[in-house]
Amino acid sequence: MTLILGIESTAHTFGVSVVSSEPPHILSDSRRIYSPRQGGILPREVAPFFSNVAGEVVREALDEAGVGIRDVDAIAVALGPGMGPQLRVGASVARALASYYGKPLVPVNHAVAHVEIARFLTGLRDPIVLYVAGGNTTVVSYSEGRYRVFGETLDIPLGNLQDTFAREAGIGPPYVVEGKHVIDICSEGGEFIEGMPYIVKGQDSSFSGLLTAALRLLKKGSRLQDVCFTLREIAYSSVVEVLERGLAHTGKREVLLTGGVAASKLLNEKIEVMAKLHGALFKPIPGKYSGDNGVMIALTGLPAYLWGYTVEPSKALIRQRWRIDQVDIPWYYEFPR
Ligand code: FE2
């Protein structure tokens, strides 16, 4: 049996988890989420918050798993992509644990981890994947050793579009209330209105023009619920179109949705309908694993460690712009087993 402790700290969540190579695989899942009182995430405020909670989150994850740090075989840590100050906290904690206890260190790409946890939870082996979150909007699928990017946003990510609109419209933060994004809540009773652009260029989406148009309509007196409804409808439809093109182009038979926006019921429904039209299999992931967590880092680190992929603590440097298509994953077809 192999035990991996995973550490996540790329954005707003400091998460730690212990996973096992044998069922039940997920032994613990401890998290602290920083939520700003107003505005967006300021790295200089989140990093001290992470530093303060790091010790107790590691302790909690070990206790919940019923193991000690010495029982753990390796430490996996998300080294990017993400925000520098937060990444440095997770990397420092991981390097310290690895050095002090003499444990191998496994570097994990946060974007890869979002996809790998979705594959693990659904059992889908070789899907085309829509990864949508506050910092990412990408369609990827695996080919010849790596995830390849089929399409992505040309400007802001979809999650960022939703949060920025909510903030400017005065309905957030918090952006998520009882598992629902405030855009979903304010869309209730809304109707589709004209005046917002639907943009897919080639295989890529674009949302900044949509954001500008939505805010302009609001200023001119359009009803908030209509603007919310239309913004969401256009944004979701455009990413599903890119995903559909990717599915048709790659000939994959499985479809996944992952990342923070994967908690959206409507987006899951749209993708399910699209997948059915193509005779492909779509499986949703549980909402609690759509957002950032330590489990996804530990789960991605596990097969990497078993493959022998580790780095010296002194070489475990953060990479803020580490793209998903820069990561070699030779063990892809062996995981999930
Ligand atoms: Fe994430």
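**Iron site, sheet and backbone**

User: Are H110 and D292 buried or exposed?

Analyst: This is a predicted model, where local features need pLDDT of at least 70, side-chain atom pairs count only at pLDDT 80 or more, and totals for chains, interfaces and linings use all residues. Numbering starts from 1 along each chain as its sequence is written, and side-chain values use heavy atoms, without hydrogens and water. Buried means under 20% relative accessible area, exposed over 50%, and partly exposed in between (1.4 Å probe, protein chains only). By that scale, H110 and D292 are both buried.

User: Which residues are the protein donors of the iron ion?

Analyst: Donors are N, O and S atoms within 2.8 Å of the metal (3.2 Å for Na, K and Ca); water is not among the atoms, so sites may look incomplete. The donor residues follow the spacing H-x3-H-x177-D. Lying 2.1 to 2.2 Å from the iron ion, the donors are H110 (NE2), H114 (NE2) and D292 (OD).

User: How many residues apart in sequence are the parts that H110 and D292 tie together?

Analyst: Helices (H or I, at least four residues) and strands (E, at least two) are DSSP runs, numbered from the N terminus. H110 lies in helix α3, whereas D292 sits in the loop between β14 and α9 (294–307), so the parts that this pair ties together are separated by 182 residues.

User: In what order do the five strands of the open sheet run?

Analyst: Strands pair if DSSP finds at least two bridges between them. The edge strands, each pairing on one side only, are β8 (146–152) and β14 (281–282). Strands β6 (128–132) and β13 (254–258) pair in the parallel sense over four bridges. With mixed pairing overall, the order is β8-β7-β6-β13-β14.

User: What angle does helix α3 make with β13?

Analyst: Axes are lines fitted to C-alpha atoms, for helices over the stretch in contact (heavy atoms within 4.5 Å). Angles run from 0 to 180 degrees between N-to-C directions. Helix α3 (110–122) lies across β6, β7 (137–143), β8 and β13, and its angle to β13 is about 125 degrees.

User: Where does E144, with its positive phi, lie?

Analyst: Most residues other than glycine have a negative phi. E144 has phi near 50 degrees, and E144 is exposed at 73% relative accessible area. Its place is the loop between β7 and β8.

User: What is omega for the cis peptide bond from G172 to P173?

Analyst: Most peptide bonds are trans. P173 is in the loop between α4 (158–169) and β9 (176–177). The bond from G172 to P173 is cis, with omega near -5 degrees.
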